[in-house]
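Student: Please take me through the terms used for this model. I would like each label set against its cut-off.

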Amino acid sequence: MNNELSNLIHQARSGDIRAASRLMSRMVDEPQRLVELFSETDDCPQPRLVLGITGAPGSGKSTLTDRIAGEYRNRYPDRKLGIIAVDPSSPFTGGAVLGDRVRMMRHSTDPMIFIRSLASRGHLGGLALGARAVVHVMGLIGCEVILVETVGVGQSEVEVASRCDLTLVVLAPGQGDSIQMLKAGLMEAGNLFVINKADRDGADQLYQSLVSVLQLKPKNEIRSAGYCTDVVPELENVFLVSAFEGRNIDRLVDAIELYTHQHHEQWKAHRQRQVQEEVREALLEEVRRRVLKVMGVNGRSEARIDRILRGETGVAELASELMKEAAGMTEKGDL
Ligand SMILES: Nc1nc2c(ncn2[C@@H]2O[C@H](COP(=O)(O)OP(=O)(O)OP(=O)(O)O)[C@@H](O)[C@H]2O)c(=O)[nH]1
Ligand SMILES: [Mg+2]
């Protein structure tokens, strides 16, 4: 374990927010080091709920995230809350920004809200792992509910959301063919579905068509990750809200809370399995980064590729060569 990282972890655990912010940056740059975080912090309290919020671009995810955060802050004034935004395009209303994107802050700072954004474009890889690391660091500083907003297009973004304990899929009228988006894979990522912009024309219709699409699907197919296959009879899973007006947000949060209460034990087991999966991913990420490094800038070494094209070597042979070189790299320092 690298000392600097270890120090940052200890400082973050003791509530040093600047250290937490630096730790997050390190983790986003080198997400494979999440494993070091696991090994130093296995006795730390974990967040009670990590809620994914995903859906069509412009459907109101940020506005809704902000409303949900506000509702939680009203209900539990003495509890900390984290917000992670993957590629945010609109600001949140308050909270300490853990990083340099001050744009996310609109009003006064709420000392109990912590916000971090992650860029998905131009990311070297390991976005989902980086997001998990940020969740983990937010847990270290005592956030008990963490909201994770990602846009519902792009495999890695959807993956970030579907790895949360519970995932909300947000749709809105006038956002292209939302039902088509659902069919293209978003449905499987969602546990709860929100039709936002209830104040707009077309919201009721979209709500009705979503209910009928969901009724056609066996219920267990719309649960993510296969870990909550049972249906909660008293829990409806489609909500019509207006994030803009704050309409129905309390009912939505009631449902989120009920769901959390009912699935707490399942989620604990799921998180354990997830840790194993993440260690595996961290290993692959380390290998990938080393190989890319020996291949030159972002793996685009034309000289080597030309050798294959000229028939001087084969893919398998060159891969062996690269792996040998990569294996010789010293830890971290070379990366
Ligand atoms: N009428 C209406 N407008 C809304 C509502 N919620 C959000 N909006 C508006 O919709 C636009 C997009 O809202 P955002 O919250 O930024 O949406 P988003 O899904 O986070 O957008 P991206 O992150 O860019 O995908 C903004 O102009 C919001 O003011 C709502 O309930 N009703
Ligand atoms: Mg947004």
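Tutor: Helices are DSSP runs of H or I with at least four residues, strands are DSSP runs of E with at least two, and both are numbered from the N terminus. Residues are numbered from 1 along each chain as its sequence is written, while chains are lettered from A and ligands numbered from 1 in the order written. The model is predicted, with local features needing pLDDT of at least 70, side-chain atom pairs counting only at pLDDT 80 or more, and totals for chains, interfaces and linings using all residues; side-chain values use heavy atoms, leaving out hydrogens and water.

Student: How many helices and strands does the protein have?

Tutor: Eleven helices and eight strands.

Student: Where is Lys197 found, and why is Lys197 called buried or exposed?

Tutor: Lys197 sits in the loop between β7 (192–195) and α8 (203–216). Buried means under 20% relative accessible area, exposed over 50%, and partly exposed in between (1.4 Å probe, protein chains only). The relative accessible area of Lys197 is 16%, so Lys197 is buried. Of the 335 residues of the protein, 52% count as buried.

Student: What makes the pair of Glu278 and Arg163 a salt bridge?

Tutor: A salt bridge needs a side-chain nitrogen of Lys or Arg within 4 Å of a carboxyl oxygen of Asp or Glu. The closest N and O atoms of Glu278 and Arg163 are 3.7 Å apart, so the pair qualifies. This pair links distant parts of the chain, with Glu278 in helix α9 and Arg163 in the loop between α6 and β6, 115 residues apart. Arg163 is buried at 11% relative accessible area, and Glu278 is buried too. The whole structure has 24 salt bridges.

Student: Why does Lys61 have no salt bridge?

Tutor: Lys and Arg count as positive and Asp and Glu as negative; His and the chain ends are not counted. The nearest side chain of opposite charge to buried Lys61 is Glu149, 4.6 Å away, which is not within 4 Å, so no salt bridge is assigned. Lys61, in helix α4 (residues 61–75), has a polar atom of its side chain 2.8 Å from the backbone oxygen of Ala56.

Student: How do you know that the buried residues of α11 line one face?

Tutor: Leu318, Leu322 and Ala326 are buried in α11. Seen down the axis of α11, the buried residues fall within an arc of 75 degrees, so they line one face; the arc is that of the directions from the helix axis to the C-beta atoms. The face turned away from the buried side carries the exposed residues Ala316, Lys324 and Ala327. The buried residues pack against α9 and α10 (302–309), where contact means heavy atoms within 4.5 Å.

Student: What span does α11 reach against the span expected?

Tutor: Helix α11 (residues 315–327) has 13 residues and reaches 18 Å from its first C-alpha to its last, close to the 18 Å expected. The expected span is 1.5 Å times one less than the number of residues.

Technical notes: A polar contact is a pair of N or O atoms within 3.5 Å; within protein, one must be able to donate a hydrogen and the other to accept it, and residues adjacent in sequence count only if both atoms are side-chain atoms.
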